[in-house]
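User: Please give me a close look at one part of this structure, then follow with a second stretch for context. Keep it brisk.

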Amino acid sequence: MSLISLFVLLSLFFCNVAGAEVYDDFNSGSIDSAKWTIRNVSRDARGLFTQAGGRLLFSCDRDTGESLVSTRSFTAGFFRIAFHDFRSTNNSPPAQGKGSFAAIGLGPRSNYVRMLRGRVSTGGYFEANHFTNGRLQLWYVPTEVSSGRLGLLYDGSTVLFFYNTGLDPDKGWQKVGPTVTPGWKSPPTLFISGYPGASGQTSFAVDNLEYLPLPLPPGIIPD
């Protein structure tokens with residue numbers, strides 16, 4: 001057996017052990033309509049997400065946002081994205097719901113969970129969100145990292161929120177916020193969202209939306 005063949009076999013073996021499924025690697029020339037529907041905050045929000053160079057790209061300089069919502073629903077698992085080059089000049093006041101962000105989320109508009117990297121005038125943060133009954137609950141930790149990871153662990157009934165200040169998908173995860181129980185009656189869809197806040201310019205890139213079915217390999221997330 002050649003060294004190249006052996007390398008390929010070993011690579012496939014370790015990928016199977018890890019158990020990660022890439023829902024979208026963003027390698028095509030445009031957003032895949034078989035995987036995503038586009039949800040706009042307003043009519044002038046179209047085109048805030050684009051795709052190039054193997055990454056999903058977001059850029060916006062006005063008070064509007066956009067989401068990509070998966071065409072597929074998901075059962076229990078760990079959902080994660082890598083974000084890169086997060087830059088924002090948003091200088092909106094805190095505690096007014098006007099923070100800029102890059103986010104991964106689960107659930108419908110009326111009852112969703114979301115993990116995000118955001119910014120307001122007081123600085124950057126990782127933030128866990130649960131929106132239900134018209135009310136947003138949030139928990140956050142300060143950060144100024146421009147690249148990292150966002151994750152959601154859904155066990156079929158409850159959700160935990162995770163962030164990572166590094167880019168290793170299998171270590172470095174930290175939890176923020178409590179365990180929440182959304183009470184979904186059917187498997188939720190996934191979404192990726194971008195919003196520039198109420199001022200300034202916000203841009204970021206996203207790599208590889210990954211889904212790891214449960215049970216997770218040991219050591220990926222803290223107990």
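Analyst: A polar contact is a pair of N or O atoms within 3.5 Å; within protein, one must be able to donate a hydrogen and the other to accept it, and residues adjacent in sequence count only if both atoms are side-chain atoms. The side chains of Trp36 and Asp24 make such a contact, at 2.7 Å. This is a predicted model: local features need pLDDT of at least 70, side-chain atom pairs pLDDT 80 or more, while totals for chains, interfaces and linings use all residues. Numbering starts from 1 along each chain as its sequence is written, and side-chain values use heavy atoms, without hydrogens or water.

Trp36 lies in strand 2, residues 36–40 (strands are DSSP E runs of at least two residues, numbered from the N terminus). Trp36 is buried, at 3% relative accessible area (buried: under 20%, 1.4 Å probe, protein chains only). Beyond four places in sequence, Trp36 is in contact with residues including Tyr23, Phe26, Ile31, Leu190 and Leu209 (heavy atoms within 4.5 Å). Val69 is also in contact with Trp36. These two are 33 residues apart in sequence, yet 5.3 Å apart C-alpha to C-alpha.

Now strand 11. Seven of the seven residues of strand 11 (148–154) are buried, so the strand is largely enclosed by the rest of the structure. Gly148, Leu150, Leu152 and Tyr154 point one way; Arg149, Gly151 and Leu153 point the other. Strand 11 runs antiparallel to strand 6 (residues 77–88), joined by seven bridges (pairing needs at least two DSSP bridges). Phe83 stands opposite Gly148. Six bridges pair strand 11 with strand 12 (residues 159–164), also antiparallel. Tyr154 bridges to Val159 there. The two strands form a hairpin with four residues between them, and Gly156 in the turn has a positive phi of about 105°.

Notes. Buried means under 20% relative accessible area, exposed over 50%, partly exposed in between (1.4 Å probe, protein chains only).
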